[in-house]
Amino acid sequence: MVRKETTLTFYGGVNEIGGNKILLKDGDTAIFLDFGMSFALRKQYYSPPLLSPKSEKSLQELGILPKLEGVYRFDDKPPAVDAIFISHGHMDHSAYLSFVKREIPVYCGETTKIILQAFGEIRKADLEFNVKGIDFHAFRTGDTFKVDGLEIEPVHVDHSLPGAYGFIIHTSKGAVVYTGDFRDHGAKDEMTREFVERARAAEPVAVVCEATNMTNVSVSSEREVEAKLNHVVSQAEGLVLAEFAYTDVDRLNSFYRTALKNNRYLAVSLRQAYLMEALSGDRKLRIPRLSDEGVLIFRKSKERLYAWERQILERYQDKVVDAEQASKRQQNIILTMSLYDLEQLVEIQPKPGSCYVFSSSEPFNEEMEIDFERLVNWLKHYGLPQYHVHVSGHITPLRLKACLKEIGAEKIFPVHTENAELFAKFMRDLKSQVEITEKGREYSL
């Protein structure tokens, strides 16, 4: 009897933060763990919207989309992959589902399915993100799936958007654990604790783990973030502007509770409102509803409206405020506003005593630094001090080491990091063997 060979091949997430595409083969069974966009590779060649990829061929030519047979919609070969498992809805883990054959089933959490389908409505249709026709199979913690000889067990983890999961894959060689992106300092740290305990109980032969935060680590928690937000808002005499990722519902909750404590309304963007409306259908998710008294919807000054925008505006007419109304109500509003909305300040004219709360990751590349400089120029023009109040969506190094020690896998494969060698040295006293991954190389387990 020929024994099955079990292998891992990394087509993304190597020497970069994001772009995860990990192929696990067990005999004749093949599944992908995540299928994300590589932002790092993409920005080396493209600068949207003026320079954007026009075809799959150009993406493959430049190595942004890996050359794989039997995976993509644009080739006529039969499917060579049995399933794709998506850990969460961030684009660096899910966007390149756009190119996948629609015959290949895609497994993801119920919340991730809602998020990806909402993105499909509100994002401008383009080559690199299109989930139309995908055969989604949604799950919750407690569900298990059989894909030929593999058994896959999803377990929730805490991350900076809802519905994130890690996976325990039971292969012929033993369990393989994939963490996805996770942390244990957010609002739902108990979910990560459950994942680590289940991973340990599986006695894995390998763990594929994120290692994002290996340098410039900031130690904080969502509870601390909310306390800091309250400290800032309670002192503000004018408008409070807020910038945070609209998929980060923990941060949405923190800002909402802060607004209520300080007799303010939280005025969200139309994009945020649409996602909130979509997520209201998730029976286990606790977020503000658009119908709640403390929520307003900010309509930017523009003539053209998309169908999804009109839908929200018509459904919640009594909740809508424009720049003129926001200007008159500055002292009782927290207004969410990204860099790309700052021209609204020309009409709002923030009063003295107003401020800007930047509640996202600090810029980590040249392009982001240029954008950040533009933000600072706008804030200087209107005399708006900036507060940075944020907590990472990724686990810190010491906590990651403790988790990996507890899981006790025979091998560790770090991904989603620019510091794999630092990681390997930091983990060198663990009993587990650390493998520094190379793109396209097949590793036997």
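Is tryptophan 308 buried or exposed? Tryptophan 308 is buried, with a relative accessible area of 7%; buried means under 20%, exposed over 50% and partly exposed in between, for a 1.4 Å probe and protein chains only.

A word on the source: this is a predicted model, in which local features need pLDDT of at least 70 and side-chain atom pairs count only at pLDDT 80 or more, while totals for chains, interfaces and linings use all residues. Residues are numbered from 1 along each chain as its sequence is written, and side-chain values use heavy atoms, with hydrogens and water left out.

The structure holds 22 aromatic pairs (Phe, Tyr or Trp rings, the six-membered one for Trp, with centres within 6.5 Å; planes under 30 degrees apart count as stacked, over 60 as edge-to-face, the rest as tilted). Tyrosine 274 and tryptophan 308 form an edge-to-face pair, at 5.5 Å centre to centre and 70° between the planes. This pair links distant parts of the chain, 34 residues apart: tyrosine 274 belongs to helix H8 (residues 270-279) and tryptophan 308 to helix H9 (residues 307-315). Helices (H or I, at least four residues) and strands (E, at least two) are DSSP runs, numbered from the N terminus. Tyrosine 274 is also buried, at 11% relative accessible area.

Why is the pair of phenylalanine 358 and phenylalanine 372 edge-to-face? Because their ring centres are 5.4 Å apart and their planes stand at 65°. Phenylalanine 358 is buried, at 9%, whereas phenylalanine 372 is partly exposed, at 24%.

Finally, Phe85, Tyr107, Phe139, Phe145, Tyr165 and Phe167 form one aromatic cluster.
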